[in-house]
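Please look over the sequence and the structure shown below before reading on. The briefing that follows moves from the chain as a whole to its helices, its pocket and its charged pairs.

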Amino acid sequence: MDHNIIHADTESGGTGDRGLGVLTWKSYMPLFVIILSILLTAIVISIRDAGLGMFTVQGLISYFMIGFFITFATFKLLDLPGFAEGYQTYDLLAKRVPLYGYVYPFIEVFFGFTMILLPFSRGLLIAEFAVMAFSGIGVAIKIAKKEKFLCACLGTFLKVPLTKITLIEDFGMALLALIMLLLM
């Protein structure tokens, strides 16, 4: 897979589209389908919980977060070197410590599986909030600079542009962790 498209920039005579072509709603379809699948799974599990008299909003949020972390980490792990390379283009820590790009998917895996075991752990939720909010800052900086790069959020397998959608993903997960903390 050619990872150089991730690094192409308009100053070097490129088109500025970073290999994405014209962006339309279809450019985001893989992301929407994945998020919708995770959300529907969380809702169905919560309906089961309601039937058992165990429904909680925290449970619904937890199921979504578990699905999100494990699914997104899995896509990153399909091409770990490609993800790490792409992630370095916008994550503040991965730019300075490239090894972090290789570790980050495992952090997401850890978050997902640990939430299964300890869904209401304050320490875990604080860590999730910090990691996701910090990740969102790097995305926000790239967007503010109007730089267009591929989002590494789904690894290199699916080409999704780094846009405000990515910002919503990162800060959205941070917000969900914060909501879980506030509901405790």
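## The chain as a whole

Residues 24 or more positions apart account for 72% of the contacts in the chain with a separation of 6 or more, where a contact means heavy atoms within 4.5 Å. This is a predicted model, in which local features need pLDDT of at least 70, side-chain atom pairs count only at pLDDT 80 or more, and totals for chains, interfaces and linings use all residues. Residues are numbered from 1 along each chain as its sequence is written, and side-chain values use heavy atoms, with hydrogens and water left out.

**Overall make-up**

- Of the 184 residues in the chain, 44% are buried, where buried means under 20% relative accessible area, exposed over 50%, and partly exposed in between (1.4 Å probe, protein chains only).

**Helix H2**

- Helix H2 covers residues 29-51, and its 23 residues should span 33 Å at 1.5 Å a residue, which agrees with the 33 Å between its end C-alpha atoms; the expected span is 1.5 Å times one less than the number of residues.
- The buried residues of H2 are Leu31, Ile34, Ile38, Ala42, Ser46 and Asp49.
- An α-helix has 3.6 residues a turn, so residues three or four places apart point the same way.
- After H2 comes Gly53, whose phi is positive, near 75°.

- Ala73 lies in helix H3, which runs over residues 57-77, and Ala73 counts as buried because its relative accessibility is 0%.
- Leaving aside residues up to four places away in sequence, Ala73 touches Pro105, Glu108 and Val109.
- The C-alpha atoms of Ala73 and Phe110 are separated by 9.5 Å, although these residues are 37 residues apart along the chain.
- Thr114 belongs to helix H6 (residues 99-117), and Thr114 counts as buried because its relative accessibility is 14%.
- With residues up to four places away in sequence not counted, Thr114 touches Pro119 and Leu124.

**The largest pocket**

- The largest pocket has a volume of about 230 Å³.
- The elements that give two or more residues to the lining of this pocket are H2, H3 and helix H8 (164-183), and H8 gives the most, with seven residues.
- A pocket here is an open set of points on a 1 Å grid over the protein atoms alone, where a 1.4 Å probe fits, with protein on both sides within 12 Å along at least five of seven lines, and lining residues have an atom within 4 Å of a point.

**Salt bridges**

- The whole structure has two salt bridges, each defined as a side-chain nitrogen of Lys or Arg within 4 Å of a carboxyl oxygen of Asp or Glu.
- Arg48 forms a salt bridge with Asp49, with the closest N and O atoms 2.7 Å apart; Arg48 counts as partly exposed because its relative accessibility is 46%, whereas Asp49 is buried, with a relative accessible area of 4%.
- Lys76 and Glu108 meet through their side chains in a salt bridge (2.9 Å, N to O), and this pair links distant parts of the chain, with Lys76 in helix H3 and Glu108 in helix H6, 32 residues apart.
- Both Lys76 and Glu108 are buried.

Technical notes:
Helices (H or I, at least four residues) and strands (E, at least two) are DSSP runs, numbered from the N terminus. Grid points are joined across faces, edges and corners, and a volume is the space filled by probe spheres set on the points.
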